[in-house]
Amino acid sequence: MSKNTFAWHGYIGVAIIAGAELLLFSGNRLAGHWFTPIVWTGYILFVDALVFKSKGRSLLVNDRFEFLAVAIISIASWWLFEFYNAPRFWNSNLELWWHYHNLETNLWVRRIGYDWAFATITPALLETAELFGTTIFTQKPSGKGLRFSRSTLILAAVLGAVGVVGPLLFPNEWLAPVIWLSFILLLDPLNSLRGWPSITGDLAHRDWRRFWSLLASGLVCGFLWEFWNYWALSKWTYTVPYFGNIKIFEMPVLGFLGFPPFAIECWAMYIFVRSLLSPRAQQTANVEIFLSSNE
């Protein structure tokens, strides 16, 4: 495949998105029930093709095994968040923040739907961040770096660990923001201390490109998640104690503030798990927003 061309799978992605939308609004119930994983599969194909066009490399063209690793880590990560949402063994009456509706009755088929949808979350975020990083946030700013001492990183990780464990021991609907921030505080310092890519490491080298790319990715994907979810038959809704009735689509308006840090959180979780699967000497850097380090 020639570099800096729009990869062929991008056209398939556009066709999947358009076809899913057409079937959904024409009343096709099968498409309506499976709309979320279908449309996000199309989105990932489309954005990966844009990344390839922008920089001549992409996961689906150059490193499909890495893409598979991202997808598997994505599934595991979101099942972890599901446990936080319903910590009492997924009792539907005790879901804290989000609730699923109109799911498949067959539990095995439902599990396929869960895993397929969950497999698209981190790839969508990181592919979108990669696109921002190669098109908009390309210039490294000048000025002093924001350096964190080793003791500061350790303290942040300890605070993050408290935030990770606390909501499991004391489930409470008011603790949603803690979940979306604590894994950042825990894992990003650990990634930095262990010599792997990290936001704190980037800032120490006055490089904000990955930080802004991930935040922008969270905003874009968050909006699309809620937009497409609003029209789907199988969908999720929210109950939160703060301004829960003021919504954009199904999401309480303040909830959109959680999507940018959620992107950083997913990236930090991916880097941490990835570091456990491959020693430092063997890590690849085919997709810069994922694995490259400025250290």
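Trainee: How many residues of the lining of the largest pocket are nonpolar, how many polar and how many charged?

Mentor: Please note that this is a predicted model. As a general idea, rolling a probe the size of a water molecule over the atoms shows where empty space is left. In this case, the lining of the largest pocket divides into 28 nonpolar, eight polar and four charged residues.

Trainee: How much space lies in the largest pocket, and which residues are the closest to its centre?

Mentor: The largest pocket holds about 890 Å³ of space. It is lined by 40 residues, of which Trp-78, Trp-98, Glu-226, Trp-236 and Tyr-238 are the closest to its centre.

Trainee: Which element gives the most to the lining of the largest pocket?

Mentor: That element is α6, with six residues. Among the others that each supply at least two residues are the helices α3 (35-55) and α11 (209-231) and the strands β1 (98-101) and β2 (235-238).

Trainee: In which loop is Phe-249 found?

Mentor: Phe-249 is found in the loop between β3 (247-248) and β4. The phi of Phe-249 is also positive, near 60°. With a relative accessibility of 24%, Phe-249 counts as partly exposed.

Conventions. Residues numbered from 1 in each chain as written. Predicted model: local features only at pLDDT ≥ 70, side-chain atom pairs only at ≥ 80, totals over all residues. Heavy atoms only, no water. 1 Å grid on protein atoms, 1.4 Å probe; cavity = no way out; pocket = protein on both sides within 12 Å on 5 of 7 lines; lining within 4 Å. Points joined across faces, edges and corners; volume = space filled by probe spheres on them. Helix = DSSP H or I, 4+ residues; strand = E, 2+ residues; numbered from the N terminus. Nonpolar A, V, L, I, M, F, W, Y, C, P; charged D, E, K, R; others polar. Buried < 20%, exposed > 50% of the residue type's maximum accessible area, 1.4 Å probe, protein only.
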